[in-house]
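Reader: Could you walk me through this structure, feature by feature, and show me how to read each one?

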Amino acid sequence: MEAYSRISARYGIPIVEDAAHALGAAYEHRGAQVRIGSCVHADISIMSFHPIKHITTGEGGALLTNNKRIYERARRLRHHGIVKRASQPRWFYDIAELGYNYRITDFQCALGRSQLSRLDQFCKTRKALVRNYNSNFQHIPEISIPYERPGTTSSHHLYVIQVPHTKRQALYDYLFRLGIGTQVNYIPVHLLSYYRKKFGYRPGDFPNAERYYRRCLSLPLFPGLSEASQNFIVKQVKKFFQ
Ligand SMILES: Cc1ncc(COP(=O)(O)O)c(C=O)c1O
């Protein structure tokens with residue numbers, strides 16, 4: 001983010017930081033850990049509260065910013081572009097620009113606030129599950145385990161291992177047959193039909209992303225994953241590679 005913010009400052013390009021996977025994460029800034037969403041390097045940081053994320057409001061998300069102008073415009077656009085002015089009577093309103101109905105419901109907010117109070121515990125549980133996976137898989141030569149870069153704290157949205165690409169599908173099928181759901185996160189954007197058609201991308205354009213894509217597999221990771229279930233998953237993955 002620091003590198004991006006240098007480019008942003010040089011060319012005047014605003015930064016929207018996609019933190020949809022990172023609520024609860026932190027990175028080092030000027031010798032201290034700052035939490036994602038602090039916008040130390042971004043104009044806007046966005047969060048997703050889809051049920052698969054760290055906390056949920058059913059659907060919806062949030063936009064965080066330290067910039068008053070962006071904050072006021074976002075609030076206006078959320079609510080049909082309606083503005084009120086202190087110089088006018090209290091009943092007065094104006095529409096200064098066309099906005100939207102992007103309001104989250106009160107019911108969702110109630111759930112979100114309750115979920116937010118549990119965020120640290122959710123992240124702690126995820127971290128313990130990740131440590132357990134890692135300590136079990138670190139000595140299996142065919143598995144590359146995920147790691148945290150020094151100075152960063154991951155909120156562990158996904159637990160992605162990398163395996164030889166010739167074995168990925170067989171591992172997926174093997175676990176699927178046992179009732180263990182895994183997923184490939186993600187198919188590189190440039191390989192999706194829309195982006196291929198619109199921008200003329202082709203396989204081979206981003207070889208590192210494609211190499212990762214061929215090798216990656218996400219194992220189950222969520223705060224409600226029981227010790228017994230995780231042990232079963234670990235046992236089966238180990239069995240596959242024996
Ligand atoms: C990295 C990332 N950014 C943005 C989004 C979009 O979030 P939402 O579906 O809440 O609009 C997602 C959704 O999964 C995501 O994974």
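Predicted model: local features only at pLDDT ≥ 70, side-chain atom pairs only at ≥ 80, totals over all residues.

Reader: How many bridges pair E2 and E3, and in which sense?

Author: In general, strands of a sheet pair through backbone hydrogen bonds, either parallel or antiparallel. Two strands are said to pair here if DSSP finds at least two bridges between them, and strands (E, at least two residues) and helices (H or I, at least four) are DSSP runs numbered from the N terminus. E2 and E3 are antiparallel, with 4 bridges. They make a hairpin that has 2 residues between the strands, and Arg-30 in the turn has a positive phi of about 50 degrees.

Reader: What is the order of the strands in the open sheet?

Author: The order is E3-E2-E8, 3 strands with antiparallel pairing. E2 is joined to E8 by 2 bridges. Ala-26 has Thr-153 as its bridge partner in E8, and Tyr-27 has Thr-152.

Reader: Which strands stand at the edges?

Author: Strand E3 (32-35) and strand E8 (152-153) do; each has a single partner strand, so one side of each lacks a neighbour in the sheet.

**Two residues up close**

Reader: Is Arg-35 buried, exposed or partly exposed, and why?

Author: The rule counts other C-beta atoms, placed from the backbone, within 10 Å of a residue's own: 20 or more means buried, 12 or fewer exposed, and in between partly exposed. Arg-35, which is found in strand E3, is partly exposed because it has 16 C-beta neighbours inside 10 Å.

Reader: Which residues of the largest nonpolar core touch the most other members?

Author: A nonpolar core is a set of buried Ala, Val, Leu, Ile, Met, Phe, Trp, Tyr and Cys residues joined through C-beta atoms within 7 Å. In the largest one, of 15 residues, they are Tyr-133, Tyr-159, Val-160, Ile-161, Val-163, Leu-217 and Leu-219. At least two residues of this core come from each of helix H4 (119-137), strand E9 (159-162), strand E10 (216-219) and helix H8 (227-241). H4 gives the most, with 4 residues. Another core of 10 residues lies apart from this one, and includes Ala-25, Phe-49, Ile-55 and Phe-122.

Reader: What does Ile-161 touch?

Author: Not counting residues up to four places away in sequence, Ile-161 touches Phe-137, Ile-143, Ser-144, Ile-145, Leu-217 and Leu-219.

**Domains and ligand**

Reader: How is the protein divided into domains?

Author: Domain bounds come from an automatic or database domain assignment. Here they give domain 1 (2-116) and domain 2 (119-241). Their contact takes 12 residues from domain 1 and 9 residues from domain 2. On the domain 1 side, strand E2 (residues 26-29) gives the most, with 3 residues. The C-alpha centres of the two domains are 29 Å apart.

Reader: Which residues surround the ligand?

Author: A residue is near a molecule if its C-beta atom, placed from the backbone, lies within 6 Å of it. Around the ligand are Asp-18, Ala-20, His-21, Ser-48, His-50 and Gly-61. For classes, Ala, Val, Leu, Ile, Met, Phe, Trp, Tyr, Cys and Pro count as nonpolar, Asp, Glu, Lys and Arg as charged, and the others, Gly among them, as polar. By that scheme the shell has 1 nonpolar, 4 polar and 1 charged residues.

Methods:
Residues numbered from 1 in each chain as written. Contact = placed C-beta atoms within 7 Å.
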